[in-house]
Amino acid sequence: MAPHVLIFPLPLQGPVNCMLKLAELLCISGISVTVLNTNHIQRMLLRHTNVLTRFGRYLNFRFETISDGLPDDHPRTGDRVLELFEGLKAVTEPVFREMMVSGCFSSKSDAPVTVIIPDGVYPFVLDVAEEVKIPVIYFETISPCALWTYLCLPNMVAAGEVPFKSNDLDVMIKSVPGTVNFLRRRDLPSFFRFDDLADIQTQIVLKEARSVPRAYGLILNTFQALDASILVHMQTLCPNTYCIGPIHKLYKSHLTSESILLSNVSNSLWEENITCFSWLDSQVPRSVVYVSIGSMAGMTVDQFFEFWHGLVNSGKHFLWVQRPCSILGEYDDNQVPRRLVEETKKRGFITTWVPQEAVLAHSAIGVFLTHSGWNSTLESIMEGVPMICWPQNVDQQVNSRFVSDVWKIGIDIKDTCDRLTIEKAVKDVMDVKRSELIESLRMFVELGGQSVTEDGSSIMDFNRLIKTIKSL
Ligand code: UDP
């Protein structure tokens, strides 16, 4: 039977970006691919990217769509992400089941679906797939270190370590093998902080922890040398693991070696503003603080002003992405101290959504003040940019601990947000600790680069994945 993969991303920027890259890599390898996006994601992609032209080159590719259960005018912002999960459960789950049982993806294509690659957060896909007897290989687009804490959640619950009250966050966690010397309660995903196991997010993670090891395989966006200390434990639960990251570099190396033009490749859900590049070109190398909190995280008005004061007080130049809806609340322009406005005119550049991979690759960038999303973390590592981590949700708290205490490539300011901390963090990374952070980063840039060149670990795992898909 000719291989035909159904890819089903979580409808958020990071997962969609990774899954579309995987989809294209599979097409190039001769595998038929259907990508199932939510209607909303598909509309945004069509508005801001050339995906139709790009994927139109592949005769073995098609897009399909499904409802996310939310009304068209729902803002789908980070502060309302639970509503998205409720919509997925109430509407997407039963519709997906109906689609699979009726064989709709198979009848629209030349070949029946032979493998499903869903996001790891979709346990229901495994239930349906078992019913229709199609193997599932999960793609976990969060970090392996955070996924490992998810997989260990049942152990933590059994050991009485979770749930816990949020007031004593420095207690060490003992039931996550490989992390016992450095993982504290505050470094666990934020939703472990709820003191009620019935909490909807905790329930989602518990379901994920039970379903991922039951799948045929697990794809991870990392490379062996970065996450070896965690992978060795994870493979006891999920032996069939494919580490194909950093996927944005694997993607580039594959497309270049296949001589496919890489111009204008974007999976961005928002319009990319490129005016920052002429400003960056005029800056001194490694002098700029790049500030972005990704596609979903937000900050209150108070936090926003603390960030702004801290950046200005650091005396450094800064490029700050202020995504629409990322500031939770409103403020009056009269509230803004004159000094902030004047200093920003001299030393700052405020922008909306940017092509982040290209920004991080620009020689002017000296540090990334980030929310520690996994894609942002990998993109920063691969460009050798040290990080100041201000994590909010999902895997970010775990990632920032690994950045600061395991990989030693940045500093973690989680659970604080005051101007002094931000000023000090910027000065520390830019001046005081710069050389030691850069030294650690250099090693990962090299090892990450090797992993996606000939015979590198990620290339080998990707080839093994292709072989597996063709054999199923
Ligand atoms: N991103 C971007 N432009 C921006 C901010 C972010 O292209 O102005 C991209 C970034 O390169 C990354 C993704 O959005 O690939 C964010 O994913 P991440 O996992 O870091 O965080 P999330 O948005 O899922 O919280």
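Domain bounds are those of an automatic or database domain assignment, and on this basis the protein chain is divided into domain 1 (4–266 + 451–471) and domain 2 (276–448). The structure is a predicted model, in which local features need pLDDT of at least 70 and side-chain atom pairs count only at pLDDT 80 or more, whereas totals for chains, interfaces and linings use all residues. Residues are numbered from 1 along each chain as its sequence is written.

The centres of domain 1 and domain 2, taken over C-alpha atoms, are separated by 26 Å. Across the boundary, 32 residues of domain 1 are in contact with 30 residues of domain 2, two residues being in contact if their C-beta atoms, placed from the backbone, lie within 7 Å. On the side of domain 1 that touches domain 2, at least two residues are supplied by each of α1, α7 (144–151), α10 (224–237) and α11 (247–257); helices (H or I, at least four residues) and strands (E, at least two) are DSSP runs, numbered from the N terminus. The residues of this side divide into 14 nonpolar, 14 polar and four charged, where Ala, Val, Leu, Ile, Met, Phe, Trp, Tyr, Cys and Pro count as nonpolar, Asp, Glu, Lys and Arg as charged, and the others, Gly among them, as polar.

The largest nonpolar core holds 125 residues, of which I7, I116, I219, Y290, V367 and I388 touch the most other members. Such a core is a set of buried Ala, Val, Leu, Ile, Met, Phe, Trp, Tyr and Cys residues joined through C-beta atoms within 7 Å, and a residue is buried if 20 or more other C-beta atoms lie within 10 Å of its own, exposed if 12 or fewer, and partly exposed in between. The largest share of the core in question, eight residues, comes from α1, and at least three residues are drawn from each of domain 1 and domain 2. Leaving aside residues up to four places away in sequence, I388 touches V367, L369, G410, I411, I413, A425, V426 and V429.

Two strands pair if DSSP finds at least two bridges between them. In strand β6 (residues 217–220), G217 and I219 point one way and L218 and L220 the other, all of them buried. Strand β5 (residues 137–140) runs parallel to β6 and is joined to it by four bridges, while β6 and strand β7 (residues 241–243) pair in the parallel sense over three bridges. L218 is the bridge partner of Y138 and stands opposite T241 in β7.
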